[in-house]
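Work through the exercises below with the model open. Try each task before reading its solution.

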Amino acid sequence: MDGTVHTMDPAKPLAKGIAFGGGRVLAVGTNAQAEAKAGTKTEIVELLGKVVVPGFIDAHAHLMESAARVSNLELGEASSLSAALGLLKAGVGGALPDEWVIADGWDESRWPEARYLTRNDLDTASTTLPIAAVRVDRHMAAVNSPALGILKIPAGTRGFETMSSGQPTGVLKEDALGAMWDAIWPPPERLAANFSVVATRALGLGITGVHDVVGEVEVRAYQTARAAGMLPLRAVLMMRDRLLPYLAATGLSRGFGDEWLRLGPVKVFGDGSLGARTAALFEPYRDDPSEGGMLIHPPRELRDLLARIHGAGFQAAVHAIGDRAIELVIETIEAVSPEPGPRHRIEHAELLHPEHIDRMARHGIVASCQPNFVGQWSLPGGLYETRLGFERNARNNPYREILEKGVALAFGSDGMPYGPLEGIHWAVNAPFGIQRLTVDQGVAAYTTGGAVAGFQESEQGSLAAGRLGDAVVLEGDPWREPGRIREGGVSMTIVAGRVAWKRA
């Protein structure tokens, strides 16, 4: 009652009152229209003018994977390489014998040293306990000598970096990184047990639904959480491509499940990341002209894989950051899916050229983007300018052009960091005009955009009678103070018409 409800429904964009019942929206409109739906046991919340928006949908998340990181060391706040090593040394001191010490979130672009962690660095923290320190983009890690001894990664494995002497640097990317994940990943029971922690954090950010990247362990963990009544938000499972043969063999396809847990797209890697210099570029990296990134799949292999995904009735969600990878992905989707309609997706889609966007619009390809990356790395003098130079940095993440040309835009976070208001802030206050959106457009990309990307626009993403009862009450007003969106917070998160999280 007495709120400022931004419905994201073009038929009725603003309202004062909203009523929920049976897990869905019963009415949106005036206070009287909402109050008319109240029963004797209805809880009435006086909003006192606060802003209400549809529940945020993080269209590219790693939420169940984040449950594996609950007890990891956090290096994201380290302001230097030496500070990161200090945190690692403290963590080693509290570890059990033979226990892996795992750390997350380091970002060398924020350090004066401006270089990656290496085996030699981590050996100063311990030469007895295995250490794995994962970079913020999770496309790269550094490990120490004991870890290398356990992993026994064969020389020549893609992404296994060595010095001219042949000695490993401890830096692991792509295939070599995969070997590390296989060794340290926790079982599904532990993930399910930890999930309530990360889910509560997500609800506190206004996230009511995720498109979550999962492998077989995470799928089992989600089912365990759902069966135990411990799934407080909605999850569309973005399954890693190694699961495709099993899904296809059972006859399952996109959309199988219910309103809480369902199968979504199949996730494919097209390239790596700009931070690790593995995003595939047409022109070399400015700060390393010998490097142009890598394509994870050769063209024929990618075409075969996407054809199998399309043929099995799934939506493809292809990670492509660099322009060379984006070109290959668009070309491949055009070949295997000649008619628009399946809403195949490009995840990240950072270095789009204008002709790429034109082709995406013609073919109905969804741009699944992470506006928090703009604030993290795209500001003047930041990592992207270092890697790409001014001109390419000024064209990255062209959200405004994406929408102007009619491409569906869905926002997510990739967990770096989670926070829809953070992402919306940087889309609205982006440094380059080609990136910059209005508040309406930014909020829509985090609500209706995610719903469209998940084929759920008739159920989610807007507040209209009959839709799922997911909403967020904000502390601030992005429309009145667009320059301070990231400073605002969430007052209350409503899922299925019930208060799932409330600020103390």
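**Exercise 1. Charges over rings**

Task: Find which ring the charged end of K267 sits over, and how far it is from the centre.

Solution: Start at K267. Its charged end sits over the ring of F269, 4.2 Å from the centre. Keep in mind that this is a predicted model. Now go to R254. R254 lies over the face of F455, at 3.6 Å from the ring centre.

**Exercise 2. Aromatic pairs**

Task: Classify the ring pair W106 and Y116 from its geometry.

Solution: A pair of aromatic rings is described by the distance of the centres and the angle of the planes. The search of the whole structure finds 10 aromatic pairs. Take W106 and Y116. Their ring centres are 6.2 Å apart and their planes are at 70°. Plane angles over 60 degrees count as edge-to-face, so this pair is edge-to-face.

W106 is in strand 8 (residues 101-106), and Y116 is in the loop between strand 8 and helix 4 (119-123). They are 10 residues apart, and the pair links distant parts of the chain.

Then check burial. The cut-off for buried is under 20% relative accessible area. W106 has 0% relative accessibility, so W106 counts as buried. Y116 has 12%, so Y116 is buried too.

Y399 is in helix 16 and F411 is in strand 19, 12 residues apart. Both Y399 and F411 are buried.

**Exercise 3. A loop residue and its contacts**

Task: Decide whether Q370 is buried or exposed, and list what Q370 touches.

Solution: Locate Q370 in the loop between strand 18 (366-369) and helix 13 (372-378). Its relative accessibility is 1%, so Q370 counts as buried. Leave out residues up to four places away in sequence. Q370 then touches H60, H348, Y399, G412, S413 and D414.

**Exercise 4. Backbone checks**

Task: Find the phi values of N397 and A496, and the omega of the bond from M416 to P417.

Solution: N397 is not a glycine, yet its phi is positive, about 50°. N397 is in the loop between helix 15 (390-393) and helix 16 (399-404). At 1% relative accessibility, N397 counts as buried.

A496 is not a glycine either, and its phi is positive at about 55°. A496 lies in the loop between strand 21 (490-495) and strand 22 (498-502). At 16% relative accessibility, A496 counts as buried.

The peptide bond from M416 to P417 is cis, with omega near -10°. P417 is in the loop between strand 19 (409-411) and helix 17 (420-428).

**Exercise 5. Cavities**

Task: How many cavities of 30 Å³ or more are there, and what lines the largest cavity?

Solution: The count is 3 cavities of 30 Å³ or more. The largest has a volume of about 110 Å³. It is lined by 16 residues, and D137, S273, I321, F373 and M416 are the closest to its centre. Helix 13 and helix 14 (383-388) each give two or more residues to this lining. By class, the lining divides into 7 nonpolar, 5 polar and 4 charged residues.

The second largest cavity has a volume of about 60 Å³. Its lining includes P54, G55, I57 and T208. Here the classes are 4 nonpolar, 5 polar and 2 charged.

Key: Residues are numbered from 1 along each chain as its sequence is written. This is a predicted model: local features need pLDDT of at least 70, side-chain atom pairs count only at pLDDT 80 or more; totals for chains, interfaces and linings use all residues. Side-chain values use heavy atoms; hydrogens and water are left out. Helices (H or I, at least four residues) and strands (E, at least two) are DSSP runs, numbered from the N terminus. Buried means under 20% relative accessible area, exposed over 50%, partly exposed in between (1.4 Å probe, protein chains only). Contact means heavy atoms within 4.5 Å. Rings of Phe, Tyr and Trp (its six-membered ring) pair if their centres lie within 6.5 Å; planes under 30 degrees apart count as stacked, over 60 as edge-to-face and the rest as tilted. A charge sits over a ring if NZ of Lys or CZ of Arg is within 6 Å of the ring centre and within 35 degrees of the ring normal. On a 1 Å grid over the protein atoms alone, a cavity is a set of points where a 1.4 Å probe fits but cannot get out, and a pocket is an open set with protein on both sides within 12 Å along at least five of seven lines; lining residues have an atom within 4 Å of a point. Grid points are joined across faces, edges and corners, and a volume is the space filled by probe spheres set on the points. Ala, Val, Leu, Ile, Met, Phe, Trp, Tyr, Cys and Pro count as nonpolar, Asp, Glu, Lys and Arg as charged, and the others, Gly among them, as polar.
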